[in-house]
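Reader: I would like to learn how to read a structure feature by feature, with the general idea before the particular case. Could you take me through one?

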Amino acid sequence: MQSRSWDEDDQEVDVYRTLSRDEAKALFGNNKKAFATISPWLVVRIQLLMTGVCVLFWSIFADPMEGRTLYTYSAFWGGFIGFFPVLVFALRVRMSRSMKNPSPGRMLSAIVSGELMKIALTIGLFLGVAFAIPNLQWLPLLVTYVLTLMSYWLAWVLR
């Protein structure tokens, strides 16, 4: 095996060139939809809708005399655990965009801190709900939570 010096590695730097507008159009075409981003607000709206649908579905199992049951509450909390951290993330990114001097570093920092907040909130909400509701029904909670997470895919298809 032949060893190479550091100087040889430095000489093999890749050179990137910026495309002109016409070159980019020729390469990518006019398909703007292929490069569109997904709005976090669209994801939150779909998650709220999915939570409402799941709560209505699980209310089928409610006792007509009692009205709301633990199935309905559990489904609501599953949806809440799904959409609330995304809502906080979207607000964090929005605050970063509205700063006076936005920079790529600040935006990256906002995204990373927003993702960390999402993880911490999700874990905290799961633990809080598990200890706060004594007769929690895990099936409706987890099904609704998973369906709210699938809202990302639905938002990607609807973009």
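Reader: How many nonpolar, polar and charged residues does the lining of the largest pocket have?

Author: Please keep in mind that this is a predicted model. Sorted by class, the lining of the largest pocket holds 11 nonpolar residues, two polar ones and four charged ones. The lining comprises 17 residues, and those lying nearest the centre of the pocket are I38, S39, P40, F89 and V93. Two or more residues each come from helix 3 (40-58), helix 4 (70-97) and helix 5 (104-132), with helix 4 giving the most, namely six. The space in this pocket amounts to about 320 Å³.

Reader: Which residues make the nonpolar surface patch, and is L108 buried or exposed?

Author: The patch, of about 760 Å², is made by L108, V112, L116, I119, I123, L127 and F131. L108 is found in helix 5, and this residue counts as exposed because its relative accessibility is 54%, where the cut-off for that word is over 50%.

Reader: Which side chains meet in a salt bridge, and how should I read such a pair?

Author: The general idea is that side chains of opposite charge can pair when their charged atoms come close. In this model, a search of the whole structure finds one salt bridge, in which the side chains of E115 and K118 meet at 3.6 Å, N to O.

Reader: Why are E115 and K118 separated by about one helical turn?

Author: An α-helix has 3.6 residues a turn, so residues three or four places apart point the same way. E115 and K118 are three residues apart in helix 5, and therefore about one helical turn separates them. As for their cover, E115 counts as partly exposed because its relative accessibility is 33%, whereas K118, at 15%, counts as buried, since buried means under 20%.

Reader: What is the count of buried residues in helix 2, and what follows just after that helix?

Author: Helix 2 (residues 21-28) is hardly covered, for the count of buried residues among its eight residues is zero. Just after this helix comes G29, which takes a positive phi of about 80°.

Reader: How many helices and strands does the protein chain have, and what share of its residues count as buried?

Author: The chain has seven helices and zero strands, and so, when it is read along the sequence, its pattern is written α-α-α-α-α-α-α. Of its 159 residues, 26% count as buried.

Terms used
Residues numbered from 1 in each chain as written. Predicted model: local features only at pLDDT ≥ 70, side-chain atom pairs only at ≥ 80, totals over all residues. Heavy atoms only, no water. 1 Å grid on protein atoms, 1.4 Å probe; cavity = no way out; pocket = protein on both sides within 12 Å on 5 of 7 lines; lining within 4 Å. Points joined across faces, edges and corners; volume = space filled by probe spheres on them. Helix = DSSP H or I, 4+ residues; strand = E, 2+ residues; numbered from the N terminus. Nonpolar A, V, L, I, M, F, W, Y, C, P; charged D, E, K, R; others polar. Patch = residues over 30% accessible without salt bridge, like charges linked within 9 Å, V, L, I, M, F, W, Y side chains within 5 Å. Areas by Shrake-Rupley, 256 points an atom, 1.4 Å probe, with all protein chains shown as cover. Salt bridge = Lys/Arg side-chain N within 4 Å of Asp/Glu carboxyl O. Buried < 20%, exposed > 50% of the residue type's maximum accessible area, 1.4 Å probe, protein only.
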